[in-house]
Amino acid sequence: YTQGQVAAAMAAIDKYRGGQGGEVGAALAVVGLSAERVAKESELRNDMIRVAHQTGASIRQLAEVSGLGRKAVTEIVSTA
């Protein structure tokens with residue numbers, strides 16, 4: 001890893017620790033970093049749902065494979 005990558009990782013951890021130390025600070029950092037990852041993965045999933053729908057996948061199929069309800073899938077595909 002480069003110094004820049006290490007510095008960025010430390011800044012992200014410090015951001016979520018909120019000045020807390022020990023186990024509480026570590027737990028807050030993990031929760032914050034996990035939330036960032038979930039947001040990125042949700043964005044990617046939604047993009048792929050739109051692509052699949054545009055190429056012929058049905059709302060029902062997308063709901064089944066994504067674990068989302070049909071209403072949620074419909075909302076995703078209607079936002080472009």
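Mentor: Along the sequence, the protein chain follows the pattern α-α-α-α. That is four helices and zero strands. Helices (H or I, at least four residues) and strands (E, at least two) are DSSP runs, numbered from the N terminus. This is a predicted model: local features need pLDDT of at least 70, side-chain atom pairs count only at pLDDT 80 or more, and totals for chains, interfaces and linings use all residues. Residues are numbered from 1 along each chain as its sequence is written, and side-chain values use heavy atoms, with hydrogens and water left out.

Now the part: Met-48. Met-48 sits in helix α2, which spans residues 22–54. Is Met-48 buried, exposed or partly exposed? Its relative accessibility is 47%, so Met-48 counts as partly exposed. The cut-offs are these: buried is under 20% relative accessible area, exposed is over 50%, and partly exposed is in between (1.4 Å probe, protein chains only). Arg-60 is twelve residues from Met-48 along the chain, and 15 Å separates their C-alpha atoms.

Buried residues make up 16% of the 80 residues in the protein chain. The C-alpha atoms fill a box of roughly 50 × 30 × 20 Å, taken along the principal axes.
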